[in-house]
Amino acid sequence: TRRITVRDLTLAKERGEKWPMLTAYDAMTASVFDEAGIPVILVGDSMGNCHLGYENTVPVTMDEMTLLSAAVVRGTSRALVVGDLPFGSYQEGAVQALRSATRLVKEAGVGAVKLEGGERSLHQTELIVQSGIPVMSHLGLTPQSVNAMGYRVQGRGDEAAHQLLRDAKAAQDAGAFAVVLELVPAELAAEVTRSLQIPTVGIGAGADCDAQVLVWTDMMGLTGGKMPKFVKQYADLRATMTGAAKAFAEDVVGGAFPQEQHSFH
Ligand code: KIV
Ligand code: NA
């Protein structure tokens, strides 16, 4: 078996085939999704909140992204692994962006990188793509800008909608192979999807995107707390794991574990 390539995803759009993407931050979880047939795995900087205990994605470093991306690549054999460029690793300009993208490819082995911004990240996207590294763009709500924009639906109103369309076009023209649309009205996401040759990957962006992505700890109920409206619960891992941890604790305290079959003589 060979890995999925960005070309496979372009062809899927031409055929009208939708595809799923999930995040992963470690080899074990990634291997589960790879075996389940998830074609694209994103090592999101959502690892900041989900995996590293930060308040948001802003503090995530290139060292952290590289370490966890390498683990995800090692845990997979079929999926295309996309690594996020973290905040501060590409904003200074195209050369810095290329250096960061190159590190993720060489040291972690990712097949593509993702960065936030359309027009504002045009030069970065162009240089990375020209250097032979596929780029996924991320528009709408861009969590690395949380301190400036907060967490709310983007692209509402004519001006914001036109800007999103311009950003999507800029990303495509710069050579991006796909565009994530986060927290965008469904009608606008549908319009962006129709107007682009490259696939759109929705998260809180309605049913008409070419692909859908969710943060794995959210959709499997591990994160805890109130989930945003766009997250569908496919499992309740937090309850399952809490139950297992409590049962183990009870068994140890009460002397019910280990038993004869768990022992050596
Ligand atoms: O970091 C992440 O998980 C993401 C997805 C939400 C698209 O960027
Ligand atoms: Na991200």
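Student: How many strands does the closed barrel have, and in what order do they run?

Tutor: In this predicted model, a closed barrel of 8 strands runs β1-β2-β3-β4-β5-β6-β7-β8, with parallel pairing. Strands (E, at least two residues) and helices (H or I, at least four residues) are DSSP runs numbered from the N terminus, and two strands pair if DSSP finds at least two bridges between them. Neighbouring strands of this sheet are turned by 25° against each other on average, direction ignored; axes are lines fitted to C-alpha atoms, for helices over the stretch in contact, and angles run from 0 to 180 degrees between N-to-C directions.

Student: What conventions apply here?

Tutor: Residues are numbered from 1 along each chain as its sequence is written, while chains are lettered from A and ligands numbered from 1 in the order in which they are written. As this is a predicted model, local features need pLDDT of at least 70 and side-chain atom pairs count only at pLDDT 80 or more, whereas totals for chains, interfaces and linings use all residues; side-chain values use heavy atoms, with hydrogens and water left out.

Student: Let us take β4. Is it mostly covered or uncovered?

Tutor: Strand β4 is mostly covered, as 5 of its 5 residues are buried, where buried means under 20% relative accessible area, exposed over 50%, and partly exposed in between (1.4 Å probe, protein chains only). A112, K114 and E116 point one way from β4, and V113 and L115 point the other way. In a regular strand the side chains alternate between the two faces of the sheet.

Student: What does the side chain of H138 make a polar contact with?

Tutor: It is the side chain of K114, at 2.7 Å. A polar contact is a pair of N or O atoms within 3.5 Å; within protein, one must be able to donate a hydrogen and the other to accept it, and residues adjacent in sequence count only if both atoms are side-chain atoms. H138 counts as buried because its relative accessibility is 5%.

Student: Which residue forms a salt bridge with K114?

Tutor: K114 forms a salt bridge with D84, and their closest N and O atoms are 2.8 Å apart. A salt bridge is a side-chain nitrogen of Lys or Arg within 4 Å of a carboxyl oxygen of Asp or Glu. K114 lies in strand β4 (residues 112–116) and D84 in strand β3 (residues 80–84), so the pair ties together parts that are 30 residues apart in sequence. D84 is buried, with a relative accessible area of 3%.

Student: How many salt bridges does the structure hold?

Tutor: The structure holds 8 salt bridges. One of them joins R103 to D63, with the closest N and O atoms 2.8 Å apart. R103 lies in helix α5 (residues 94–108) and D63 in helix α4 (residues 62–74), so this pair ties together parts that are 40 residues apart in sequence.
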